[in-house]
Amino acid sequence: MTEPSSTRFPARTHTRPSPKAILVEQDGPVLHVRLNPWEGADTLDAAALDDLATLLDDLHERPDIRVLTLSSRGKDFCLGADRGEYQEALAADPTGAGLRRIADRAQRLCQSLENTHAVTIARLHGRVIGAGLALASFCDLRAGADTSRFRMPEVGIGLPPAWGGAMGRLVSEAGAARIRELMLTCDVFDAEAAQRLGLLHRIAPLDRLDAVVDAWTRPLLRRSPEALVLTKRMLAGYARADRTADISLLDSHLLTASLQQHAKG
């Protein structure tokens, strides 16, 4: 979720106009995907969710794409989900059905990111908050600038950490004890702490971050495609085995119920 200054939603229209939600550039077998925030809001709106999901669906027919990098053109990688958009969805349909559809989209996107055949690399900078951290956690490899800052703010704003089914993924990647602490306290943590937790594999100065991504990409392209895909599927299978009580399909209901209470209060 977004890191806000209060529990109230901002009162502005959140419908994205013509600018594309993501920018995509292909370099041979590598696909560079960049979030393209608008109006200075480095958040994940429904347009970004839709565009990312469509891109990942299309990759099923693109075995030539071996590596996918995910970054952002914004000042920060991502400040979380667009809560103003959530307010608009509730105003349009107080039953919460529209909001549940947006939240379900996030869950399907994260599953697609975890399951795609391409090796996915998150390139993180600035602040990585809530849904932004959740999205990055589903990438295979994660590199962050040494100035990056991370936070899981949901509990602090009275909401469950229910975006994209990320709680199970974060626990699997970093361990229940530390994720429990960070979710309950909503503490900000730095890149070094994220690396110790396993949320980042590498850290580097911002101007060296692309070199880190390239250092991963070059050897990956020399590997057998079949071996990489099989290894990815095996790793995903073992990770999901740790999530035998995965209740991520309920996340949209939990989020909707909480936001409806906020709207009433």
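Which helix is the place of Leu 230? Select Leu 230 and you land in helix H9, which covers residues 225-241. Keep in mind that you are looking at a predicted model.

Stay with Leu 230 and show the surface. Is Leu 230 buried or exposed? Its relative accessible area is 53%, and the cut-off for exposed is over 50%, so Leu 230 counts as exposed.

In general, nonpolar side chains in soluble globular proteins tend to be buried together. To see that side of things here, hide the surface and go inside. The largest nonpolar core has 54 residues. Pick out Leu 68, Leu 70, Phe 150, Trp 163 and Phe 189, the members that touch the most others in this core. Next, color helix H3, residues 97-115: with six residues, this helix gives the core its largest share.

Zoom in on Leu 68. Leaving out residues up to four places away in sequence, its contacts include Leu 31, Val 33, Leu 55 and Ile 121. Leu 56, Leu 59 and Ala 118 are also among the residues Leu 68 touches.

Finally, zoom out to the whole chain. Of the 265 residues, 51% are buried. The accessible surface comes to about 12,300 Å², and carbon and sulfur atoms account for 53% of that.

How values were computed
Residues numbered from 1 in each chain as written. Predicted model: local features only at pLDDT ≥ 70, side-chain atom pairs only at ≥ 80, totals over all residues. Heavy atoms only, no water. Core = buried A, V, L, I, M, F, W, Y, C linked by side-chain atoms within 4.5 Å. Buried < 20%, exposed > 50% of the residue type's maximum accessible area, 1.4 Å probe, protein only. Helix = DSSP H or I, 4+ residues; strand = E, 2+ residues; numbered from the N terminus. Contact = heavy atoms within 4.5 Å. Areas by Shrake-Rupley, 256 points an atom, 1.4 Å probe, with all protein chains shown as cover.
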